[in-house]
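I would like to walk through one structure with you, moving from contact to contact. Please have the display in view as I begin.

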Amino acid sequence: MARSFRLLLPAADPEHIRFPNRCVCCGAPRQADSTLAVSRLVMRKQQQESVILRYTVPHCEKCHRGTKAVFLAGLAPFLAGFILLGGAAFVLTTFYASAIGLDLNNVPGSANSLVVGAAAGLLVGLVGAFLFEGAARLLLLPVFGQALWQAPTLITQFIQDADYVAGLRGKLDSEAKHLLLTFNNDEVAAEFAGLNGDTAVRH
């Protein structure tokens, strides 16, 4: 069962947070490190500011490789679905919109059919990316197992401004004042709470 923590910044900055000296995913001895990068655009003093934090997360070699493989296993079909279906929708919609006369009364230098085609291509492309990634996950589940099953979809990560490495998901709240960490391994989560004391508040 997943356990989540809400950590106040700057007390939870990368130089202050301590992770257990074992893999956050499976609990095996530490053999490699992965990077969990969380970011958020916030308004401070009437200016937009980008907050980016990078945390070094311990992994065993298998889970470290799995993090990279799972990302690529989702990215490739995501891009394929977006480009293939989105591109087809753009071409067909633009051609149809032009054929029915959408460009006849255009202001010079504008092209209504291209605008409609681009909107259709973007919408269909996102749907196609989601479907292609979902299908790829089902096909590759026997290969990657738990690491792929636990990983959120790419579109979910984009929408939530979240990052994921095997066994751990992180994101900043809307004002970038708190870090939200979700562990998939209860034992590692309990050890993390013990190492970070009052900073790690159960969420």
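I begin with lysine 177, which forms a salt bridge with glutamate 175; in this predicted model the closest N and O atoms of the pair are 3.5 Å apart. How exposed are these two partners? Lysine 177 counts as partly exposed because its relative accessibility is 47%, and glutamate 175 is also partly exposed, at 46%.

Alanine 176 is found in the loop between β5 and β6. Alanine 176 is not a glycine, yet it has a positive phi of about 55°. As a general point, most residues other than glycine have a negative phi. With a relative accessible area of 4%, alanine 176 is buried.

Another of them joins arginine 22 to glutamate 191, with 3.0 Å between the closest N and O atoms. This pair links distant parts of the chain: arginine 22 sits in the loop between β1 and β2, whereas glutamate 191 sits in helix α5, 169 residues apart. Glutamate 191 is partly exposed, at 33% relative accessibility.

Arginine 65 also forms a salt bridge, with glutamate 61, and here the closest N and O atoms are 4.0 Å apart. Why are these two residues separated by about one helical turn? They are 4 residues apart in helix α1, which covers residues 61-99, and therefore about one turn lies between them. Glutamate 61 has a relative accessible area of 30%, so it is partly exposed.

Let us now turn to the interior. In soluble globular proteins, nonpolar side chains tend to be buried together. The largest nonpolar core here has 25 residues, and those touching the most other members are Leu7, Phe19, Tyr55, Leu168, Leu181, Phe183 and Phe192. Which elements give two or more residues to this core? They are the strands β1 (3-8), β2 (32-44), β3 (47-59), β5 (168-172) and β6 (178-183), together with helix α5 (186-196). The largest share, 4 residues, comes from β3.

Leaving aside neighbours within four places in sequence, leucine 168 is in contact with several residues, among them Phe19, Val24, Leu36, Val57, Leu181 and Phe183.

A second, separate core has 5 residues, including Cys23, Cys60, Cys63 and Ala166.

I return to the aromatic residues. The whole structure contains 5 aromatic pairs. In one of them, the rings of phenylalanine 5 and phenylalanine 183 have centres 5.9 Å apart and planes at 80°, so the pair is edge-to-face. Because phenylalanine 5 lies in strand β1 and phenylalanine 183 in strand β6, the pair ties together parts that are 178 residues apart in sequence. Both of these phenylalanines are buried.

Phenylalanine 183 also pairs with phenylalanine 19, in a tilted arrangement of 6.4 Å centre to centre and 50° between the planes. Phenylalanine 19 is in the loop between β1 and β2, so its pairing with phenylalanine 183 in strand β6 ties together parts 164 residues apart in sequence. Phe5, Phe19, Phe183 and Phe192 form one aromatic cluster.

I close with the backbone. Strands β2 and β3 pair in the antiparallel sense, over 13 bridges. Within this pairing, alanine 37 stands opposite arginine 54 in β3. The hairpin of β2 and β3 has 2 residues between the strands, and lysine 45 in that hairpin takes a positive phi near 55°.

Finally, where is the cis peptide bond that I wish to show you? The bond joins leucine 9 and proline 10, with omega about 10°. Proline 10 lies in the loop between β1 and β2. In general, most peptide bonds are trans.

Conventions: Residues are numbered from 1 along each chain as its sequence is written. This is a predicted model: local features need pLDDT of at least 70, side-chain atom pairs count only at pLDDT 80 or more; totals for chains, interfaces and linings use all residues. Side-chain values use heavy atoms; hydrogens and water are left out. A nonpolar core is a set of buried Ala, Val, Leu, Ile, Met, Phe, Trp, Tyr and Cys residues joined through side-chain atoms within 4.5 Å. Buried means under 20% relative accessible area, exposed over 50%, partly exposed in between (1.4 Å probe, protein chains only). Contact means heavy atoms within 4.5 Å. Two strands pair if DSSP finds at least two bridges between them. Rings of Phe, Tyr and Trp (its six-membered ring) pair if their centres lie within 6.5 Å; planes under 30 degrees apart count as stacked, over 60 as edge-to-face and the rest as tilted. A salt bridge is a side-chain nitrogen of Lys or Arg within 4 Å of a carboxyl oxygen of Asp or Glu.
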